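Reader: I have a chain open and would like to go through it. Can you walk me through how the pieces pack?

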Amino acid sequence: MIQVSSMDSANHLKKSNGIKIIKITTKFKCSKCDLEYSKEIEIWDKYVEFFKEHEPMPIQCEECAEKERLQDIIECGDKLIKTLPKKYQKLKDYYNFQERVDKMKYKSIFLHGETGSGKTFFAIMVLKELWLEGKTGMFLSYPEFMNFCLNNFERARSKLNEVKDYAGCLIIDDLGAERMTDYSKNFIYIIINYRESNSLQTIITSNYSIKQLDYMIDKRISSRIAGMCDIFELNGDKRIPF
Ligand SMILES: Nc1ncnc2c1ncn2[C@@H]1O[C@H](COP(=O)(O)OP(=O)(O)OP(=O)(O)O)[C@@H](O)[C@H]1O
Ligand SMILES: [Mg+2]
Ligand SMILES: [Zn+2]
């Protein structure tokens, strides 16, 4: 049942500390589907006897492990997708955004352009790509966030910290669409300043260009956005059918 394979090379493995690692081929039994299979493993030589004396160990076969991994991704992905606004939960890219998404998905981006040009769509495509890679990312509608803060003063501070500290890719959607008060300007300054100084990936969408944000919000904010982000503009209202 147990075969010691490639002893020669095994003897050369990790001899420091007097520990000898050897490769053996031994039988396992899948804990899910009961399949018996052989596998080469590396063990400390003193455990060889143990493997000789014991029944095959119940360890998932590769096929069952892969099935479980895919199931985890699907379940986890479903939960994440439900955090998105409904109309962006299922995306079918008709405007060849994919190529640009692939190029930019690890960067901070400032996406501006007219209404309906696909800014939110693009940002969410990036987010989904990152999720598929097992990375973290969060979608935040900025007007909704500000609205929440204005209606929940006692929780606004902790919500603000949660957003600014968020370690994954943060999407700030529709910056500038909220009512610009000193209170909301201060919030955006705190978020942008922190994320810029800590190089935290941030994707901002806005109907306004950096220049327009200069006077709409504050030059200190727009200049930080420009410093941290690759800027690009989308054109053409995609709500109007071809
Ligand atoms: N690449 C694309 N493929 C298919 N549909 C798209 C694409 N880009 C945008 N759309 C569709 O066009 C519509 C407008 O896109 P989106 O909401 O992203 O625009 P926006 O620039 O964020 O607009 P706003 O400034 O009003 O927020 C949406 O219904 C979206 O599904
Ligand atoms: Mg949008
Ligand atoms: Zn199995």
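Predicted model: local features only at pLDDT ≥ 70, side-chain atom pairs only at ≥ 80, totals over all residues.

Reader: At what angle do the axes of helix 8 and helix 10 cross?

Author: They cross at roughly 30 degrees, and the axes come within 10 Å. Helix 8 covers residues 182-197 and helix 10 covers residues 219-228. An angle under 35 degrees counts as roughly parallel, so helix 8 and helix 10 are roughly parallel to each other.

Reader: Is that crossing left-handed or right-handed?

Author: The crossing of helix 8 and helix 10 is left-handed.

Reader: What about helix 7 and helix 8, which hand is their crossing?

Author: That crossing is right-handed. The axes of helix 7 and helix 8 come within 9 Å and cross at roughly 30 degrees, so these two helices are also roughly parallel to each other.

Reader: Which residues of helix 7 and helix 8 meet?

Author: Leu160, Val163 and Lys164 in helix 7 meet Phe187, Ile190, Ile191, Tyr194 and Arg195 in helix 8. By class there are six nonpolar, no polar and two charged residues.

Reader: And how do helix 6 and helix 7 pack, at what angle?

Author: The angle is about 150 degrees, with the axes of helix 6 (residues 142-151) and helix 7 (residues 153-165) 8 Å apart. Angles over 145 degrees count as roughly antiparallel, so helix 6 and helix 7 are roughly antiparallel to each other. Phe145, Phe148 and Cys149 of helix 6 and Ala156, Lys159, Leu160 and Val163 of helix 7 make the contact. Six of those residues are nonpolar, one is charged and none is polar.

Reader: How many bridges join strand 7 to strand 8?

Author: Three bridges join strand 7 (residues 169-173) to strand 8 (residues 202-206). Ile171 stands opposite Ile203 of strand 8.

Reader: Now strand 2 and strand 3: are they parallel or antiparallel?

Author: Strand 2 (residues 21-29) and strand 3 (residues 36-44) pair in the antiparallel sense, over nine bridges. Ile24 has Ile41 in strand 3 as its bridge partner. Their hairpin has six residues between the strands, and Asp34 takes a positive phi near 65 degrees there.

Reader: How does strand 4 run against strand 2?

Author: Strand 4 (residues 57-58) runs parallel to strand 2, joined by two bridges. Lys29 stands opposite Pro58 in strand 4.

Reader: Last one. How many helices and strands are in the protein chain?

Author: There are ten helices and nine strands. The radius of gyration is 26 Å, well over the 18 Å that the globule rule gives for 242 residues, so the chain is more spread out than a compact globule. The C-alpha trace spans about 75 × 45 × 35 Å along its principal axes.

Conventions. Residues numbered from 1 in each chain as written. Chains lettered and ligands numbered in written order. Axes fitted to C-alpha atoms, helices over the stretch in contact; angles between N-to-C directions. Helix = DSSP H or I, 4+ residues; strand = E, 2+ residues; numbered from the N terminus. Parallel < 35°, antiparallel > 145°, perpendicular 65-115°, else oblique. Left-handed = near helix turned anticlockwise from the far one by under 90°. Pairing = 2+ DSSP bridges. Rg over C-alpha atoms; globule rule 2.2 N^0.38 Å. Contact = placed C-beta atoms within 7 Å. Nonpolar A, V, L, I, M, F, W, Y, C, P; charged D, E, K, R; others polar.
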